Amino acid sequence: MFDITKLLRPHLQQINSYSSARDEYTGKVGIFLDANENTITTNSFNRYPDPHQHVVKTLIAGIKEVTIDNVFLGNGSDEAIDLLIRAFCEPKNNHSDNQSDYILLMPPTYGMYEVSANINNIAIISVNLTSDFQLDLDNIFKNINANTKMIFICSPNNPSGNLLKREDINLILEKFSGIVVIDEAYADFSSETSFINELEKYPNLVILQTLSKAWGLANLRLGMAFASKEIIRILNKIKPPYNINGITQQLVAESLTQEKQKNEMVKQIIFQRNILEEKLKNINFITNIYPSDANFLLVKMDNAQEIFDKLLLEKIIVRNRTKVILCDNCLRITIGTQEENEKLLLALQSFQR
Ligand SMILES: *Cc1c(COP(=O)(O)O)cnc(C)c1O
């Protein structure tokens with residue numbers, strides 16, 4: 001049923017990837033006169049970084065218990081999202097009325113899927129989540145057509161914060177013969193096990209994770225995609241050769257030895273989330289706090305726009321989601337430090353009438 005060569009865009013079937021100077025010789029010691037670098041500078045940034053990110057990938061593969069052939073690294077998960085669409089979705093041919101391929105999205109969800117599809121001129125079919133932010137399976141299956149190449153599922157979902165039901169996701173993985181991308185950017189904060197464990201079962205599965213949230217490394221820009229060797233090979237073939245810079249590779253390699261500290265931070269953030277959730281319940285204009293498996297809370301209130309503006313005057317910046325489908329009058333609040341959360345609560349209390 002699933003046939004990767006049929007899914008890949010035809011012109012990519014026999015394309016050659018860029019062969020970098022450093023592909024010819026893998027030794028570390030030598031006189032390197034192959035890449036037109038500045039050889040006389042004494043700064044330590046004059047050499048191109050490892051295009052295959054071997055050290056970082058080996059560490060990540062170890063932590064995630066997969067082989068390095070199952071790991072793709074991107075300049076943020078956002079790069080992986082773009083490359084996935086570029087690999088498998090054929091855009092409209094503007095010289096005729098040809099319909100493009102489709103991706104299927106389930107709003108409200110992370111905005112980059114739509115942005116990347118739009119940049120690549122790929123059509124979108126949207127099937128809203130249900131009112132409790134779960135997958136609407138009947139409508140999803142009704143809306144899949146022959147040109148639907150990819151489905152993006154975000155779990156825990158941004159901006160709602162909840163996990164999507166595992167059995168629903170499994171059903172899509174089983175019945176849909178295109179690529180299923182599960183974005184687990186917030187997986188570290190949830191009790192559910194990662195879909196990485198299902199990679200051998202589902203050849204159409206791609207999992208996205210990132211170092212930007214729980215690991216606290218958003219500035220370094222490192223996103224991860226986990227998939228079959230065949231899919232990873234395609235992503236590696238079309239990526240820019242030096243997409244992960246050397247500083248990032250070095251600092252990430254150091255940080256990945258600190259998994260314990262990461263888990264400790266996750267515990268603290270969840271602890272603070274539970275406190276904030278309890279205290280928000282006492283604010284009289286707040287009407288709903290949605291259950292969260294992430295490091296943020298989606299909060300519904302009377303007149304979210306007014307509260308958002310008042311918070312801004314206090315220099316407290318939250319994410320206004322009130323114009324997003326199913327998020328009418330909702331603000332998305334990242335869990336801050338204890339001190340930050342207390343200041344937020346004081347401000348909200350002062351807005352009560
Ligand atoms: C924050 C976030 C990302 C992160 O993207 P990076 O480019 O890796 O920083 C990806 N997906 C979702 C749903 C997010 O909320």
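Contact here means heavy atoms within 4.5 Å. Helices (H or I, at least four residues) and strands (E, at least two) are DSSP runs, numbered from the N terminus. The model is a predicted one, in which local features need pLDDT of at least 70, side-chain atom pairs count only at pLDDT 80 or more, and totals for chains, interfaces and linings use all residues. Residues are numbered from 1 along each chain as its sequence is written, and side-chain values use heavy atoms, without hydrogens or water.

Two helix pairs were examined. Packed helices are described by the angle between their axes and by the distance between those axes. Axes are lines fitted to C-alpha atoms, for helices over the stretch in contact, and angles run from 0 to 180 degrees between N-to-C directions. Helix α9 (residues 259–280) and helix α11 (residues 338–350) have axes that come within 11 Å and cross at roughly 10 degrees. That makes α9 roughly parallel to α11 (angles under 35 degrees count as roughly parallel, over 145 as roughly antiparallel, 65 to 115 as roughly perpendicular and the rest as oblique). From α9, Q272, L276, K279 and L280 meet Q338, N341, L344, L345 and L348 of α11. The residues of this contact divide into 5 nonpolar, 3 polar and 1 charged. In this scheme Ala, Val, Leu, Ile, Met, Phe, Trp, Tyr, Cys and Pro count as nonpolar, Asp, Glu, Lys and Arg as charged, and the others, Gly among them, as polar.

The axes of helix α3 (residues 77–88) and helix α7 (residues 229–238) come within 10 Å and cross at roughly 100 degrees. α3 is therefore roughly perpendicular to α7. L83, L84, A87 and F88 of α3 make the contact with I234, L235 and I238 of α7. Its residues are 7 nonpolar, with no polar and no charged.

A polar side-chain atom of R221 lies 2.6 Å from a ligand oxygen atom. For S212, a polar side-chain atom lies 2.7 Å from an oxygen atom of the ligand. Taken alone, the ligand exposes 390 Å², of which the protein buries 94% (Shrake-Rupley method, 1.4 Å probe).

N320 lies in strand β10 (residues 319–320). Leaving aside neighbours within four places in sequence, N320 is in contact with Q305, F308, C330 and L331. The backbone nitrogen of T322 lies 3.1 Å from a polar atom of the N320 side chain.

Note on methods
A polar contact is a pair of N or O atoms within 3.5 Å; within protein, one must be able to donate a hydrogen and the other to accept it, and residues adjacent in sequence count only if both atoms are side-chain atoms.
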